[in-house]
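Trainee: I would like to learn how to read strands, helices and loops from a model, one feature at a time. Could we take them in turn?

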Amino acid sequence: MSENKDDILHVEGGKPLNGTIKVRGAKNFVSKAMVAALLAPGKSVLKNVPEIRDVHVVSDLLRLHGVDVDVDGAKGIVTIDATNVQLADVADVDTLSGSSRIPILFSGPLLHRLGEAFIPALGGCNIGGRPIDFHLETLRKLGANVDKEHKDGIHITAPDGLHGAKIHLPYPSVGATEQTLLAAVLAEGKTELSGAATEPEIMDLVCVLQKMGAIISVDVDRTFRIEGVKELKGYTHTALTDRIEAASWASAALATHGDIFVKGATQPEMMTFLNVFRKIGGEFDITDRGIRFWHPGGDLKPVAIETDVHPGFMTDWQQPLVVALTQAKGLSIVHETVYENRFGFTKPLVQMGATIQLYRECLGSLPCRFQQRNYKHSAVIFGPTPLTGRDIDVPDLRGGFSHLIAALAAQGPSNVQGISLIDRGYADFRGKLEALGADFD
């Protein structure tokens, strides 16, 4: 266990989580909307912003590039004035290398404002390969020169500006779709992006860009058509709710036999999750203020789930839900098709008493990139099995919250170490645990 006591949560499990919490804007959208502000000189205002570490990382990155950023955490408002933009000192950018994967998305806006961009080594959660090749190829097709041999990272230039192009993504990558949108809106001419991701967070970014003056249309076949404009202006926008955090608390209610009202949760972005939640045996009630999730008593039912890009079952939903599935009566199957290394978090669950077997085979019917590639990307969970508290090391953001749920559901004490990783995506989770009656310190 770590000597850093502030990074360890001592949990006494076996108590239902009951009460009300509030969820703010989506982590996977807010940081991208903050980057979009770079595209326009002037002020942008983003509302419903969560108090998470990623917001402060992006704020610091923007400040390094000469941008004024004011973060009002209490009100959830971030104000960005990108009137002045400058190249950041390489050493300063390097200090944030590994803290976030967001720097690659600075490329398009910086190329438009300054003609060049420097991208450090990238971090993020260790859940599988998230190569930036799609990003760099997109920038090349739009006319950028990419130098990957720079001793400190990647140097990108566009001496002749960016120009519209036809771009096809072999996989609907969220990051590469965001990259194309941010780079193409000010590129000369028209850009056609096919095979794009269409997650709700992507569509909310499109809404922000349209407010700024962009011209973007979306076809039903995952094709975006972007007509480049001469200039953009600042925006005022309220972020959509974080559907991942909302679903995580829903899974916590199920795993602990609890009853949680998630203020701010909305139905349209969560329909696929809600269907699965109901199939397992969970109950929910949707109101204008949020969604109440609860365990109605009795046995939970096993399910078969396959993760997929939107509108499929989101990969970030499966980890917290697997904890609840350890308490379902019978055999559940989860086939992960998005990330190849997302089941590493199950080892501590097995040590706590869960019965989970991992397989290299595709235990599902969806097309899968990992077929015959020797990755353990399918899980079979047999339940119900009682969980017993133990010491746990947090592996990544979603896996870490899943371990926290397991500790809360287990009988006896647990020490969850590495909780700073959870701060990246779950605002004030300690305060929310307290509001739900959890026993921890």
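Trainee: How many bridges join strand β10 to β12, and in which sense do the two strands run?

Mentor: Bearing in mind that this is a predicted model, strand β10 (residues 190-194) is joined to β12 by 4 bridges, and the two run antiparallel. Within this pairing, Glu 192 stands opposite Arg 225 of β12. Strand β11 (residues 215-218) also pairs with β12 in the antiparallel sense, over 4 bridges, and there Ser 217 is the residue opposite Arg 225. β11 and β12 form a hairpin with 5 residues between them, and Arg 222 in the turn has a positive phi of about 65°.

Trainee: Where do the buried residues of helix α9 lie, as seen down its axis?

Mentor: The buried residues of α9 (residues 271-280) are Phe 273, Leu 274, Val 276, Phe 277 and Ile 280. Seen down the axis, they fall within an arc of 165°, so they line one face of the helix. Their cover includes α8 (243-255), β15 (283-286), β16 (290-294), β17 (304-306) and α10. After α9 comes Gly 281, whose phi is positive, near 120°.

Trainee: Is Lys 329 buried or exposed?

Mentor: Lys 329, which sits in the loop between α10 (315-325) and β18 (330-335), counts as exposed because its relative accessibility is 54%, the cut-off being over 50%.

Note on methods: Residues numbered from 1 in each chain as written. Predicted model: local features only at pLDDT ≥ 70, side-chain atom pairs only at ≥ 80, totals over all residues. Heavy atoms only, no water. Buried < 20%, exposed > 50% of the residue type's maximum accessible area, 1.4 Å probe, protein only. Arc of directions from axis to C-beta. Contact = heavy atoms within 4.5 Å. Pairing = 2+ DSSP bridges.
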